[in-house]
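Reader: I would like to go through the terms used for this model and see what each one rests on. Please show me the structure.

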Number of protein chains: 2
Amino acid sequence: MKISEFQKLIRDLYFKKDQKRGRSDTFIWLIEEIGELANLIKGGEIDSEKVSEELADIIAWTTSLANLLDIDLESAILQKYPYKCIKCNSSPCVCGE
Amino acid sequence: MKISEFQKLIRDLYFKKDQKRGRSDTFIWLIEEIGELANLIKGGEIDSEKVSEELADIIAWTTSLANLLDIDLESAILQKYPYKCIKCNSSPCVCGE
């Protein structure tokens, strides 16, 4: 699935609810998902099924924010990650941390 | 660009660095990006260019985590968001918050 198609899917599913909730509260929902991921990865053993779900949720809530902020996520991603590092101009990236 | 292609792009660019940094510190980098987004949206006026960059970064760090956790992000997303809400079985979603 294309990133642009996923953004449309999230818009179709949730935009009315996202608009009603608003930007700040949507950000809080994203943070909740971040917290759930933290909870899953802080220990040693990873439950792949649960982690998959949280990663999907983080992508989805970030996409809801993009919809509310009127940002084309695929364009934003291609601009920042154009198949090379925009800092060192290489792939793989050879920047220091 | 497909989600799976983006995951491969991030793997090609950053996997060695991600592995060296490890899961916990990669999570902290994700949180830093979350903080940068918070900083941009807490006020009134939105700088679309900066917000686009932070949203792309959040997606990218989440993808780095997926690589480290050996999760196929596109499959994870399609399983959780199969063109309808998996809770109310509708599109658009009609669940209460």
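Predicted model: local features only at pLDDT ≥ 70, side-chain atom pairs only at ≥ 80, totals over all residues.

Reader: Why is the pair of W29(A) and W61(A) called stacked?

Author: Rings of Phe, Tyr and Trp (its six-membered ring) pair if their centres lie within 6.5 Å; planes under 30 degrees apart count as stacked, over 60 as edge-to-face and the rest as tilted. Here the centres are 5.0 Å apart and the planes are at 20 degrees, so the pair is stacked. W29(A) belongs to helix α2 (residues 23–41) of chain A and W61(A) to helix α3 (residues 48–68) of chain A, 32 residues apart; helices are DSSP runs of H or I with at least four residues, numbered from the N terminus.

Reader: What makes W61(A) buried?

Author: Buried means under 20% relative accessible area, exposed over 50%, and partly exposed in between (1.4 Å probe, protein chains only). W61(A) has 12%, so W61(A) is buried. W29(A), with 29%, is partly exposed.

Reader: Why is the pair of Y81(A) and F6(B) called edge-to-face?

Author: The ring centres are 6.1 Å apart and the planes are at 75 degrees, so the pair is edge-to-face. Y81(A) is in the segment after α4 (73–80) of chain A and F6(B) is in helix α1 (residues 3–21) of chain B, so the pair joins two chains. Y81(A) counts as buried at 6% relative accessibility, and F6(B) is buried at 3%.

Reader: How do you know that the charged end of R11(A) sits over the ring of F15(A)?

Author: The rule asks for NZ of Lys or CZ of Arg within 6 Å of the ring centre and within 35 degrees of the ring normal. For R11(A) the distance to the centre of the F15(A) ring is 4.3 Å.

Reader: What makes the meeting of K80(A) and D57(B) a salt bridge?

Author: A salt bridge is a side-chain nitrogen of Lys or Arg within 4 Å of a carboxyl oxygen of Asp or Glu. The N to O distance between K80(A) and D57(B) is 2.8 Å. The rule finds 4 salt bridges across the interface of chain A and chain B.

How values were computed: Residues numbered from 1 in each chain as written. Chains lettered and ligands numbered in written order. Heavy atoms only, no water.
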